[in-house]
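Take a slow look at the chains before you read on. We will go from the whole assembly down to single residues.

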Amino acid sequence: MSDHIVKAYDEDLANLKTMLAQMGGLAEDHLAKAIEALAKRDTKLADYVIGQDEKIDALELQLEERAILTIAKRQPMARDLREIMVAIRIASDLERIGDLAKNIAKRSHAISEALPRKLATGLTRMGRLSLEQLKDVLDAYTTTDDAKALEVWRNDGELDALYNSIFRELLTYMMEDPRMIGPCTHLLFGAKNFERIGDHATNIAENIHYLVSGRPMREERPKKDTTSTTAFDSLNER
Amino acid sequence: MTDTAISAAPRRASDNSALVAKRYRSERRFKLYGIAAIAVTAVFLVLLFADILVKGLPAFFEHRMTLPVSVSQEAIDPQNSKDPKVIRTGDFDGPIREAFRAMFPDVTSRGDRKKLLGLLSSGAADDFRAMVVNNPSLIGTDAKVPVLLSDDADQYLKGRQTGVEKIQGQGTIAASADGEKFKLMTDKTPVLTAGDIVRLNGGAFRVVSADNGAYVAEQVLAPKSLDPANAGAWDIVRFTVTEHNRRIDDQEALWLEQLKEKGVAENGVAWRFFSSGDSREPELAGIRGALTGSILTLLVTLFLCLPIGVAAAIYLEEFAPKNRLTQLIEVNINNLAAVPSIVFGLLGLAMFLNFFGLPRSAPLVGGLVLALLVLPTIIIASRAALRAVPPSIKEAALGVGASHQQAIFHHVLPLAMPGIMTGTIIGMAHALGETAPLLMIGMVAFIVDVPGGFTDAATALPIQIYLWSDLPEIAFQSKTAGAIIVLLVFLFVMNAAAILLRKRFERRW
Amino acid sequence: MDTMIKTPVADSAPRIARERPLKIKARNVDVYYGEKHAINDLSIDIPDSAVSAFIGPSGCGKSTFLRSINRMNDTIPSCRVTGNIEIDGRDIYDRGLDVVQLRARIGMVFQKPNPFPKSIYENVAYGPRIHGFAKNKTDLEEIVVTSLKKAGLFEEVKDRLDHSGTSLSGGQQQRLCIARAIAVNPEVILMDEPCSALDPIATARIEELIDELRQNFCIVIVTHSMQQAARVSQLTAFFHLGNLVEVGDTDDIFTAPKDKRTQDYITGRFG
């Protein structure tokens, strides 16, 4: 796309993108570190992640301010307007992702002592998958690649399916051994967090699609997370 | 923005103070030229106006005497009919002459008496007649009658014939007859030169030659006696212009001096100048005829020009299709405005007089010719005024569904009116000052009567000026300047009217 | 009315054009100023009871087209219009149609407020008077008052109806011009950059007024302010170099225009 007649306008937009890329990088990094902390039961690394989350929050605030200022000054239209709106939304998604990563890191403290390794493996697999999704969607954003974003959007089903199976597995454990309820709950929350991260990635993908096409995603989102409707009775029957 | 602009050292305007100084100098020089040009124009204008005023103002004043005249029954209305017609035929000349002669009882010789009466205007009796006709009750009484002096006497009294210097006699002077001439003897150092006039004992002697206290003189006015006169009882009158170079001789001058000393001759406003027509006698000549002629002519011009000119302007500006023909018409109108006015006179002569057979010298024809002359000016001015009205006004009118004509007559024309008026008045002022075309259609005639209608023979102000400027009498020079003043005042009034109209009707849009 | 319109409104047409009755239909319109081709093969449907905005860079032909709708271009001798412009299915360039009557049906508001240099009352009364709308003085007065009220000006000027129209402020003058236009009860109001000479507050008043008038009139507005077009209009047409580039619902044009030129123009990227 050609440049604006007002060069400062281009700079404003580029600034937003840069800040978003920074945020994306941080969120990605924190998520990766949280997963590593979880997998290796590395509480130090977990603490590091917890401490770093503030950075993302600050960046989000800054980006929001910048975006509002740009709207006020430039009165953006069409693509420019979408770009700014999408930047704000993605920033909030990234901030949430940061929070979730922090939450996962926190839980790694609780999980570290009690749980058998076997149980955590499924969780880390899920974490890697969500990290993959996040990476892909951020790539799609930097290259404004609608096709890639759509791919991320579709792939979210996989993450949901994985979450379903972990949910069932953990339920089974907890029913078998009530002492496991404590750590398993932590694991369950961790899994839920990864699933949420996947949802945020899908959100970002939707926003990318809106940015490129100017139309919101029309299709129904591939939801395979059935846990909210899963009745305990049905599990008992099994 | 570009690399070169950034890399080059920035240049500031103040770097080149020499150039700035030069620019200021040039500006000051230009202002100076402007002031000089205006000053030169102003000087010439002031000179012109001063000259005209100095020459022309005396034309608005005249000298008269108030004489006690016996309005005798038998001379004027012997049958006591009280009929104005009869009164009109009465003898008014005689009583005035008598009354005037009574002021100079010493003048006895036939020649001198004739000369004395020559100081009276030939119109004096007419004034007296008009006075009595208007007021028959004066008959049989002694009336105080204002009697107009002749133009030469008037000019003398206005000091336009010669300067006069009066010197009180010092010491005693005695005159003695020496054949035809007289000898004057004084006991004081000689003060007399040839040409001086010595007045003593009611008489006057003109010094012919001066020779060491003994002066040879000739008699101008007869003295009562030749007794010596003491200091204070005689005086010297010295004219700055010699007798040959003026239209009034020493004798007449001395009579007039006596009138002045007696306080009989008085200077008053010459209403006659505005109320009477042309005359061969300068003191009787007025501009009313010319003024009326001019007004009538301008009326004809105005009533022809304004409607035709404005209509033509509106058509050409708003309705006419833009094609070769209208362009041709436009060019021709512009050219017509530059045609020498005499050509219009010739056209008027050929068309209106010879072809249509309209009366010569008539304001009607003059007005027609001037209308031809002024029409292009009015059309051009009106078109400019119409064009100056912002098109948004017309569009607004069209926008609410007014027809083209409604838009123009309801909105554009009223706004253009001040401009059109100004153009028209300036055109009329131009017409007022125009002489050449009127010469061609015979308005240059000598016309005494004030014209009463558009077909009466008339003349116009500028032509009156032209006619008078040609006449030999000195008094007419002053009349010429006076008429010029009237013309200029007329022009000023018209221009002021133009400005007032513009101010009054000018609207913001 | 629908039967008179031969071309049915296509499904791809803007929503607003499908929802509202069609008022002005232009087909294959070309406008020439002498040799200059000012508008090139323009076709557009303008709905009734809605505001349609024409946007585009200077000299793109939007004003020219606007002035073709009430045949104001007739006053320019070198101007030539071909193609078809219909209002309510009636060709306005038809020989049998009286242009003065047409202009009475189509009010116009101009870029610069141009009240007549007469009183406020006279400004509004002029149109009804020349068209013989009012039977008597009270009738006329009523028309003037309602028009001024509709234009949202009455409260401000009711005590000085005899003052000159030019003594008002710019925004009031423009509202007076709108009152003058609606006094002749037109069906269509054309506005040629009505706020370009006004300050933001006066502009907001006019925009509010336009939004109110939209209920009863078909309004076409030419504007240089894209924000204004976005605010007041329901249909937006983008003109460029004498071409109608894109027509669409205003909501779409300003968020997701289809044509790259529209996008470039409204985002401020035009060279």
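Chain A and chain B do not touch, and their nearest C-alpha atoms are 12 Å apart. Contact here means that the C-beta atoms of two residues, placed from the backbone, lie within 7 Å. Keep in mind that this is a predicted model, where local features need pLDDT of at least 70, side-chain atom pairs count only at pLDDT 80 or more, and totals for chains, interfaces and linings use all residues. Residues are numbered from 1 along each chain as its sequence is written, while chains are lettered from A and ligands numbered from 1 in the order in which they are written.

Which chains share the most contacts? Of the two pairs of chains in contact, the answer is chains B and C. Here 17 residues of chain B are in contact with 21 residues of chain C. On the chain B side, helix H15 (391–399) and helix H16 each supply at least two residues. H15(B) gives the most, with six residues. Helices (H or I, at least four residues) and strands (E, at least two) are DSSP runs, numbered from the N terminus. By type, the chain B side has seven nonpolar, six polar and four charged residues. For these types, Ala, Val, Leu, Ile, Met, Phe, Trp, Tyr, Cys and Pro count as nonpolar, Asp, Glu, Lys and Arg as charged, and the others, Gly among them, as polar.

Now turn to chain A. Its secondary structure comes to seven helices and zero strands. Of its 238 residues, 42% are buried. A residue is buried if 20 or more other C-beta atoms lie within 10 Å of its own, exposed if 12 or fewer, and partly exposed in between, with C-beta atoms placed from the backbone. Look at the loop between helix H1 (7–40) and helix H2 (43–74) of chain A, where Arg41(A) is found. Phi of Arg41(A) is near 50 degrees, a positive value in a residue other than glycine. Arg41(A) has 16 other C-beta atoms within 10 Å, so it is partly exposed.

Ser361(B) sits in the loop between helix H13 (341–355) and helix H14 (363–388) of chain B. Is Ser361(B) buried or exposed? It counts as buried, because it has 21 C-beta neighbours inside 10 Å.

Stay in chain B and find helix H16 (residues 404–432). It has 29 residues, but its end C-alpha atoms are only 36 Å apart. A straight helix would reach 42 Å at 1.5 Å a residue. That expected span is 1.5 Å times one less than the number of residues. Where does H16(B) bend? It bends by about 50 degrees at Leu413(B), and Pro414(B) follows within four residues. The bend is the angle between axes fitted to the seven residues ending at a residue and the seven starting there.

Chain B also holds an open sheet of three strands, in the order S2-S1-S10, with antiparallel pairing. Two strands pair if DSSP finds at least two bridges between them. Strands S2 (142–148) and S10 (265–269) of chain B each have a single partner strand, so one side of each is left without a neighbour in the sheet. Five bridges join strand S1 (residues 61–70) of chain B to S10(B). Phe61(B) stands opposite Val269(B) in S10(B).

Finish in chain C. Strand S6 (residues 106–109) of chain C is covered on both faces. Ile106(C) and Met108(C) are buried on one side, and Gly107(C) and Val109(C) on the other. In a regular strand the side chains alternate between the two faces of the sheet. Four bridges join S6(C) to strand S7 (residues 188–192) of chain C, and the two run parallel. Met108(C) stands opposite Leu190(C) in S7(C).

Ile221(C) has 27 other C-beta atoms within 10 Å, so it is buried. Ile221(C) and Val109(C) are 112 residues apart along the chain, yet their C-alpha atoms are separated by 9.1 Å. Leaving aside neighbours within four places in sequence, the contacts of Ile221(C) include Val51(C), Ala53(C) and Met191(C).
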